[in-house]
Amino acid sequence: MQKQKLLGTNMEDITIKITDRDGVLHEILAPTDMAMNLMEVVRSYELAPEGTIGVCGGMAMCASCQCYVKSDHELPEMGPDEDLMLTEAFYVEDNSRLGCQIPITSKLDGLEVELAPES
Amino acid sequence: MIKTDILIIGAGPTGLFTVFEAGLLKLKCHLIDALPQAGGQCSEIYPKKPIYDIPAYPEILAGDLTDKLLEQIKPFEPGFTLGERAETIEKLDDDTFIVTTNKGTKHHAPIVAIAGGLGSFEPRKPPIPNITHFEDKGVEYIIRDPEIYRNKKVVISGGGDSALDWSIFLADVASEVTLVHRRNEFRGALDSVDKVQELKDAGKITLITPAEVKEILGDDHVTGVSIIKNGDEKVTLEVDHFIPLFGLSPKLGPIADWGLEIEKNAIKVNNALDYQTNIPGIYAIGDVNTYPGKLKLILCGFHEATLMCQSAYQRIFPDKKYVMKYTTVGGVEGFDGSKKEAPKAVIKKIN
């Protein structure tokens, strides 16, 4: 497992475990005070190649940031955009979410997710 | 052979604005884009979404930005090769380039500006094991010629606008149209959803939801599909064509093999100078390039295009010195004979 840290992270960080598309588990620190979402965290740590994640920039319009939520954290409810985008995504499971629609908050400390395959 | 001064690959906002800046320098442009329309991501992914960081527009829809750019560059009469993907590049002895598309259209220019965004948009293919075997043998991801479906049995899958719109269109062409979607709700425009409902009620479209096409049947051509409905109910349909319409996703594609230095799926450029790549005469601007501190913003693409055109001018006319003129001072002289200029002050005496 690789432990990584973004520059400038501090006490308000939370820990997230992310399994990348090659099955490698990364335990990373994510800031709660920078208005980041999970997709942006994955991109910041370069856990998926540029151009294969966050293609639409975070508008819930491409599903390239689809991930499977492995832990039982309470997540923000799915909005209609995310819900309908997932009906057109591939490899969708019951625990699929779009990373761009999950803001990083202190409640998500210990979150465990896996990136869905590229499609 | 199409000849131009600057050949722009990618007709997104950066590519379009390049035409304007080049036009001020009296350089002609031609654009190639894999999509059938200009605008790139702005028209393909989010035409109805607002953008808030275009200077002087507190808010503008991505589709409107495309329209405004097209209006702004119209006097410079850009050429377009749309619906074709730039495939190969060849450098001639005189340091000019020939770019050929996947359909064989050839373009000749002394300067190539790659404004390809995240790459060319390719259809998203559903993960059905034998799907590639049936490509162009009854499986089509893009409808090019609707006539091939005349009096045929067609199954369409997807839940967005293209799935709805084509189901509506083909209802009058094909002998049978079946629309398969994973949910009862559709993401497309309300008008289209209503129209599909109407055609379903009239018996012209069969709707199978919530369902997914899981298997394609046939030997040399599609003869049917197998569908899983309501989670576990298997339905087999006899069809001639299966049209999965799940939108497009960008891929860097053949440009990655042009000998350009690539880093993190983007083309490395010299941002201290002119956004030229490692191959002199080939520039990369907008989201497709990378350099220290790069930001993938439309407004950054505009700036990069502007500096790139200056460098292109020097490369085409090494002996000339260009003196930058403000458009307010020099006006805008189109290649179409139009001229825009600031109105002259009216002088009136006071007696």
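In the predicted model, Glu77(B) is found in the loop that joins H3 to strand S6 (79–82) of chain B. The phi angle of Glu77(B) is near 40 degrees, which is a positive value in a residue other than glycine. Glu77(B) counts as partly exposed because 14 C-beta neighbours lie inside 10 Å. A second residue of this kind is Asn265(B), for which phi is near 65 degrees, again positive in a residue other than glycine. Asn265(B) is placed in the loop between strand S20 (262–263) and strand S21 (266–268) of chain B, and with 17 other C-beta atoms within 10 Å it is partly exposed. A further backbone feature of chain B concerns the peptide bond from Thr209(B) to Pro210(B), which is cis, with omega near -20 degrees. Pro210(B) belongs to the loop between strand S14 (205–208) and strand S15 (211–218) of chain B.

Helix packing in chain B was examined for helix H1 (residues 13–24) and helix H3 (residues 62–73), which pack at an angle of about 20 degrees with their axes 9 Å apart. Because angles under 35 degrees count as roughly parallel, H1(B) is described as roughly parallel to H3(B). The crossing of H1(B) and H3(B) is left-handed. On the side of H1(B), the residues taking part are Pro13(B), Leu16(B), Phe17(B), Val19(B), Phe20(B) and Gly23(B), and these meet Leu65(B), Thr66(B), Leu69(B), Leu70(B), Gln72(B) and Ile73(B) of H3(B). Sorted by class, the contact of H1(B) with H3(B) comprises nine nonpolar and three polar residues, with no charged residues.

Elsewhere in chain B, Val99(B) is found in strand S8 (residues 97–101). Val99(B) counts as buried, since 24 C-beta neighbours lie inside 10 Å and the cut-off for a buried residue is 20 or more. When neighbours within four places in sequence are left aside, the residues in contact with Val99(B) are Leu7(B), Ile32(B), Ala86(B), Ile89(B), His107(B) and Val112(B). The C-alpha atoms of Val99(B) and Ile2(B) are separated by 9.7 Å, although the two residues are 97 residues apart along the chain.

In chain A, attention falls on strand S6 (residues 111–115), whose side chains alternate. S6(A) pairs with strand S2 (residues 13–19) of chain A in the parallel sense, over four bridges, and with strand S4 (residues 66–69) of chain A in the antiparallel sense, over three bridges. Val113(A) takes part in both pairings, being the bridge partner of Ile18(A) and standing opposite Val69(A).

The contact between the two chains takes 24 residues from chain B and 15 residues from chain A. On the side of chain B that touches chain A, the residues divide into nine nonpolar, eight polar and seven charged.

Terms used: Residues are numbered from 1 along each chain as its sequence is written. Chains are lettered from A and ligands numbered from 1 in the order in which they are written. This is a predicted model: local features need pLDDT of at least 70, side-chain atom pairs count only at pLDDT 80 or more; totals for chains, interfaces and linings use all residues. A residue is buried if 20 or more other C-beta atoms lie within 10 Å of its own, exposed if 12 or fewer, and partly exposed in between; C-beta atoms are placed from the backbone. Helices (H or I, at least four residues) and strands (E, at least two) are DSSP runs, numbered from the N terminus. Two strands pair if DSSP finds at least two bridges between them. Axes are lines fitted to C-alpha atoms, for helices over the stretch in contact, and angles run from 0 to 180 degrees between N-to-C directions. Angles under 35 degrees count as roughly parallel, over 145 as roughly antiparallel, 65 to 115 as roughly perpendicular and the rest as oblique. A crossing is left-handed if the near helix is turned anticlockwise from the far one by less than a right angle, and right-handed if clockwise. Two residues are in contact if their C-beta atoms, placed from the backbone, lie within 7 Å. Ala, Val, Leu, Ile, Met, Phe, Trp, Tyr, Cys and Pro count as nonpolar, Asp, Glu, Lys and Arg as charged, and the others, Gly among them, as polar.
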